[in-house]
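User: Let's work through this model by question and answer. Keep it brisk.

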Amino acid sequence: MNETGPGERAVIPTEATQVELPAATIVSARSALFRAHGVFTERFGNLGNDRESKVFASLTEVGNEGPFIGAANMKVFNISPVSQGLVDIRGEVEWPEDLDVFVSFLVVQQ
């Protein structure tokens, strides 16, 4: 695998098959800060979702200067809207001790 930094190469997606879907509305775009290491399951609230919402999430390390790409790998495994405004997320922070993690959510309703 070629290890390059951001901006050194670009990934260009191939032409995708067009799929007709009902219109979607962005319900909310929110973020939260928490501490974690290893595999974790956390519940987040006040996201504006319901059980039928589509919820997307990303993780990044955060420090005094804001979000950055550090040495720790961070992964999102599962996301589940559990009830009105609540979302469970399971992920992993590959680091031996707790790190400050910034999770960003995008909630969409069709």
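User: Which residues are linked in a network of salt bridges?

Analyst: This is a predicted model. The side chains of Glu92 and Lys75 meet in a salt bridge, at 3.8 Å from N to O. That pair links strand β6 to strand β5, with Glu92 and Lys75 17 residues apart. The network of salt bridges takes in Lys75, Glu92 and Glu94.

User: Is Glu92 buried or exposed?

Analyst: The cut-off for buried is under 20% relative accessible area. Glu92 has 18%, so Glu92 is buried.

User: Which residue forms a salt bridge with Asp88?

Analyst: Asp88 counts as buried, at 19% relative accessibility. Asp88 sits in strand β6 (residues 86-94), and its partner lies 45 residues away in strand β2 (residues 38-44). The closest N and O atoms are 2.7 Å apart, and the partner is Arg43.

User: How many salt bridges does a search of the whole structure find?

Analyst: The pair of Asp88 and Arg43 is one of them. Glu92 with Lys75 is another. The search of the whole structure gives 4.

User: How many residues apart in sequence are the parts that Asp100 and Arg35 tie together?

Analyst: Asp100 and Arg35 form a salt bridge, with the closest N and O atoms 2.7 Å apart. Arg35 also stands opposite Asp100 in the strand pairing. Asp100 is partly exposed at 30%, and Arg35 is partly exposed at 48%. Asp100 lies in β7 and Arg35 in β1, so the parts tied together are separated in sequence by 65 residues.

User: In what order do the 4 strands of the open sheet lie?

Analyst: β1 and β7 (residues 99-109) run antiparallel and share 11 bridges. β7 also pairs with β3, over 8 bridges. β3 in turn is joined to β4 by 3 bridges. The open sheet is antiparallel, in the order β1-β7-β3-β4.

User: Which are the edge strands?

Analyst: An edge strand pairs on one side only. The two are β1 (25-36) and β4 (66-68).

User: Which residue in β7 is the bridge partner of Thr60?

Analyst: β3 and β7 pair in the antiparallel sense. Thr60 is also among the residues that line the largest pocket. In β7, the bridge partner of Thr60 is Phe102.

User: Which strand supplies the largest share of the lining of the largest pocket?

Analyst: The largest pocket holds about 200 Å³ of space. Its lining divides into 6 nonpolar, 3 polar and 1 charged residues. The largest share, 3 residues, comes from β3.

Key
Residues are numbered from 1 along each chain as its sequence is written. This is a predicted model: local features need pLDDT of at least 70, side-chain atom pairs count only at pLDDT 80 or more; totals for chains, interfaces and linings use all residues. Side-chain values use heavy atoms; hydrogens and water are left out. On a 1 Å grid over the protein atoms alone, a cavity is a set of points where a 1.4 Å probe fits but cannot get out, and a pocket is an open set with protein on both sides within 12 Å along at least five of seven lines; lining residues have an atom within 4 Å of a point. Grid points are joined across faces, edges and corners, and a volume is the space filled by probe spheres set on the points. Ala, Val, Leu, Ile, Met, Phe, Trp, Tyr, Cys and Pro count as nonpolar, Asp, Glu, Lys and Arg as charged, and the others, Gly among them, as polar. Two strands pair if DSSP finds at least two bridges between them. Buried means under 20% relative accessible area, exposed over 50%, partly exposed in between (1.4 Å probe, protein chains only).
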